[in-house]
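Please look first at the sequence and the structure shown below. The paragraphs that follow lead through selected features one at a time.

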Amino acid sequence: MTDREQLHHDGYALLRQAVPVEWLDGLRTLFDAGITPSDKWPVPRGADWHHSLLDDDAMIQAVCRLPQLLAVVGELIGERFFLAQVEGREPLPGGGHQQLHRDLSAQRPGNIANAMVYFDDYGPDNGATRIVPSSHRPPAGEPPFDFNDESRSVQLAGAAGDILVFDVDLIHAGSLNRLGTRRRSILISYFAEPLYASYLQTRSLRGIRMDASERFEPADFSLRQL
């Protein structure tokens, strides 16, 4: 398969070492400075996670605009899109486990893409993301997915600076941070432009402070080597 075909078949791409290594110490410092207690967010966050408010920082915004990342997002969404949300997330020791789930498209399949940018090395011991490859477009007539069935799930592992980009309908979940080592990341959401009006209606509930007026055209980015 070509890179493009593989991306649409799998529903995700793992971009190894996509963040410049010289950025990582600064990104980790920003994450720690932005950690905000659950009750200080417009809607309370999970108690077994650190959540960091950092979306309007220039370095975070630069990560969200890495050309390799935008190329994959543009290929997944397939039309003009915008940067909708960025939030820092880290599973606390003994926390972070989630059941497999889909985040779900809004108006058409594939009109939202997410990216997880890892600021620390990640793997089974510190709560790395689990995914079910190719689960974003189930064939017609296939029985509903049993979200308690982990037989097809794959737990990712890699290094700080990696970026997981995935179709919002891909089945995925956070995992238990067994050893308690740090696993800081940012979760980024990109929306197709037709979702902008509905996005504005819920923006304040998510604690979003950044400007979301910029638009990205998929044709402006080349999907080269994933």
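**A guided reading of the model**

Tyr122 is buried, with a relative accessible area of 4%. In this account, buried means under 20% relative accessible area, exposed means over 50%, and partly exposed lies in between, with a 1.4 Å probe and protein chains only. The model is a predicted one, in which local features need pLDDT of at least 70 and side-chain atom pairs count only at pLDDT 80 or more, while totals for chains, interfaces and linings use all residues. Residues are numbered from 1 along each chain as its sequence is written, and side-chain values use heavy atoms, with hydrogens and water left out.

Tyr118 is likewise buried, at a relative accessible area of 0%. A pair of aromatic rings is described by the distance of the centres and the angle of the planes. Rings of Phe, Tyr and Trp (for Trp, the six-membered ring) pair if their centres lie within 6.5 Å; planes under 30 degrees apart count as stacked, over 60 as edge-to-face, and the rest as tilted. There are nine aromatic pairs in the structure. One of them joins Tyr118 and Tyr122, whose ring centres are 3.8 Å apart and whose planes meet at 15 degrees, so this pair is stacked. Phe191 and Tyr199 form an edge-to-face pair, with 5.9 Å from centre to centre and 80 degrees between the planes. Both of these residues, Phe191 and Tyr199, are buried, and together with Phe82 and Tyr196 they form one aromatic cluster.

Charged groups also meet aromatic rings. A charge sits over a ring if NZ of Lys or CZ of Arg is within 6 Å of the ring centre and within 35 degrees of the ring normal. The charged end of Arg89 sits over the ring of Trp49, 4.5 Å from its centre.

Attention now turns to pairs of opposite charge. A salt bridge is a side-chain nitrogen of Lys or Arg within 4 Å of a carboxyl oxygen of Asp or Glu, and by this rule there are 19 salt bridges. Helices (H or I, at least four residues) and strands (E, at least two) are DSSP runs, numbered from the N terminus. In the salt bridge between Arg45 and Glu87, the closest N and O atoms are 2.8 Å apart. Arg45 lies in the loop between α2 (24–34) and β2 (49–52), and Glu87 in strand β3 (residues 81–91), so the pair ties together parts that are 42 residues apart in sequence. Arg45 counts as buried at 15% relative accessibility, and Glu87 counts as buried at 9%.

Another salt bridge joins Arg80 to Glu217, with closest N and O atoms 2.9 Å apart. Arg80 belongs to the loop between α4 (67–77) and β3, and Glu217 to the segment after α5 (196–202), so this pair ties together parts that are 137 residues apart in sequence. Arg80 is partly exposed at 34%, and Glu217 is partly exposed at 32% relative accessibility.

Arg184 and Asp120 form a salt bridge whose closest N and O atoms are 2.8 Å apart. The two residues link distant parts of the chain, 64 residues apart: Arg184 is in the loop between β8 (172–173) and β9 (185–192), and Asp120 in the loop between β4 (112–118) and β5 (130–131). Arg184 is buried at 9% relative accessibility, and Asp120 is buried at 10%.

Which residues of helix α2 are buried? They are Leu24, Leu27, Arg28, Phe31 and Gly34. These residues cover an arc of only 135 degrees around the axis, which puts them on the same side of α2; the arc is that of the directions from the helix axis to the C-beta atoms. An α-helix has 3.6 residues a turn, so residues three or four places apart point the same way. The face turned away from the buried side of α2 carries the exposed residues Asp25, Thr29 and Ala33. The elements that cover the buried residues of α2 include β2, α3 (58–64), β3, β4 and β9.

Strand β3 also contains Ala84, which is buried at 0% relative accessibility. Contact means heavy atoms within 4.5 Å. Leaving aside neighbours within four places in sequence, Ala84 is in contact with Ser189, Tyr190, Phe191, Tyr199, Ile208 and Met210.
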